[in-house]
Amino acid sequence: MTTAIRHAERRVSPVFLALVAVMAVSGWAVWSEQLAASTGFAVFLFVVSGWVVSLCLHEYAHARTALHSGDGSVAAKGYLTLNPLKYTHALLSIVLPVIFVIMGGIGLPGGAVFIERGRIRGRWRHSLISAAGPLTNIVFAAVVSAPFWLHSLAGVPDPFRYALAFLALLQVTAAILNFLPVPGLDGYGIIEPWLSPALRRQVAPFAPFGLLAVFGLLWVPEINHVFFQLVDTVLDTLGVSRWDSYWGQEFFRFWQGEPQVPVG
């Protein structure tokens, strides 16, 4: 019985498999333009499902690293099943990030899995657990942008190309934001083990508000401009142009009508 329970704790959730299926089917619809009357809706489904899949992988990376660092409780909590409904704060981890994507085209990181830090020894392990999530976003960005930096876009339909570019943009924004040393974000989790206990106690009350504070600051035009300049620089390194990510976002907003991409 114990072995069966342990196996169930690590089995990939049907919820996650359903998300992957939605991503695959909607991606096929965008590629083949089977929903030509509503390509934007297919792009929307592809990007949102891909974004949620990346969020699941982000949290899984935290949990898996914690498991190998000494916190066996993550398995019992269901974090290794990739089921987003098992997260401590499903609203923060999934719903709000999707809303932020719809509102501003920003891959804002969500809430995290609950790690029992008392079970883990060594500051480097604590830092690695926090870093594992945004590092996953970097890998995801590299994967979805592979056709760009491999110069393999010949034959790729434009809507699919734009959708990949926008999905890559979301991953890059999520990675950059998550690496910020702001309480409540993974960047702070990386440096927190190296801070004095007194400073950590002083900062702790601000952790619940760090995510909202970052989102608020991004509405300041000057900060938003600098942030997206950095995002565009990273995307350029991956071979993704501002043109591609822009039209990806325009297709994503299907409720505004099908965008008319200029020819040539």
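I looked up how helix α3 (residues 39-69) packs on helix α13 (residues 242-252), and found an angle of about 105 degrees with the axes 7 Å apart. Helices here are DSSP runs (H or I, at least four residues), numbered from the N terminus. Axes are lines fitted to C-alpha atoms over the stretch in contact, and angles run from 0 to 180 degrees between N-to-C directions. I therefore noted α3 and α13 as roughly perpendicular (65 to 115 degrees). On the α3 side, the contact (heavy atoms within 4.5 Å) is made by Thr39, Gly40, Val43, Phe44, Val47 and Val48, and on the α13 side by Gly248, Phe251 and Phe252. I sorted these residues into 6 nonpolar, 3 polar and no charged; Val and Phe count as nonpolar, and Gly as polar.

I noted that this is a predicted model, where local features need pLDDT of at least 70, side-chain atom pairs count only at pLDDT 80 or more, and totals for chains, interfaces and linings use all residues. Residues are numbered from 1 along each chain as its sequence is written, and side-chain values use heavy atoms, without hydrogens and water.

Next I looked up phi. Most residues other than glycine have a negative phi. Leu82 has a positive phi, near 65 degrees, and lies in the loop between α4 (73-76) and α5 (90-104). His151 also has a positive phi, about 55 degrees, in the loop between α7 (146-149) and α8 (158-178).

His151, at 73%, counts as exposed.

Note on methods. Helices (H or I, at least four residues) and strands (E, at least two) are DSSP runs, numbered from the N terminus. Buried means under 20% relative accessible area, exposed over 50%, partly exposed in between (1.4 Å probe, protein chains only). Angles under 35 degrees count as roughly parallel, over 145 as roughly antiparallel, 65 to 115 as roughly perpendicular and the rest as oblique.
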